[in-house]
Every structure is written in C-alpha cells, then in structure tokens.
Amino acid sequence: MLHTKVIIGEKEVLIFFESIYQEYSSRAIEAITKHLNNAQIREVFDNLGLVHTTNTEVTLFSLNGEMETIPMY
C-alpha cells in the first residue's frame, strides 16, 4: 500500500492506494472536492483520518469511526 499527502481546501490529507491505482489520486481529489457540499461527506471530511482510493471509488474514514464512499465517474 502506498500513500501521498495532498491539500484539499486548507486541509492536509493522506490518500492511501494500491500501487496499481496510483494514477487515480488526482481523480480522488476532484471527487472529494466535488462532494464537499454534501453534509454527510463534509462531516466525515471535517474529522478526517484518512482516505482510501481505487479506480472506481474514494472512501473517507473519520477519526470518530464514520466513513463515506464517493463513486468516481
């Protein structure tokens, strides 16, 4: 498992992924940014622990145990 550190908004975010999905990290950033106006996604993002991405979805994991999955189109 690999990871990269990125800035989304003003928050530093760790995105974890398998090496075969490395090229999808920029799409993950776009998907998260696009969905931040959703209240549930925003709540998880505000308490974000880490992000996991594949070629089809981004999953946000909060520090208090919540998670949200965003499809990447």
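**Close-ups of a predicted model**

**View 1. The sheet, strand by strand.** Five strands make an open sheet in the order β1-β2-β3-β4-β5, with mixed pairing (two strands pair if DSSP finds at least two bridges between them; strands are DSSP runs of E with at least two residues, helices runs of H or I with at least four, both numbered from the N terminus). β1 and β5 sit at the edges with a single partner strand each, so one side of each has no neighbour in the sheet. This is a predicted model, where local features need pLDDT of at least 70 and side-chain atom pairs count only at pLDDT 80 or more, while totals for chains, interfaces and linings use all residues. Residues are numbered from 1 along each chain as its sequence is written, and side-chain values use heavy atoms, with hydrogens and water left out.

**View 2. Where β4 meets β5.** These two strands pair in the antiparallel sense over five bridges. Look for Val 58, which stands opposite Ile 70 in β5.

**View 3. Two sides of α1.** Ser 25, Ala 28, Ala 31 and Ile 32 of α1 are buried (under 20% relative accessible area; exposed is over 50%, partly exposed in between, with a 1.4 Å probe and protein chains only). They span an arc of only 115° around the axis, which puts them on the same side of α1 (the arc is that of the directions from the helix axis to the C-beta atoms). Glu 30 and Lys 34 are exposed on the face turned away from that buried side.

**View 4. Around Leu 60.** Beyond its neighbours within four places in sequence, Leu 60 is in contact with residues including Ile 32, Ile 41, Val 44 and Ile 70 (contact means heavy atoms within 4.5 Å).
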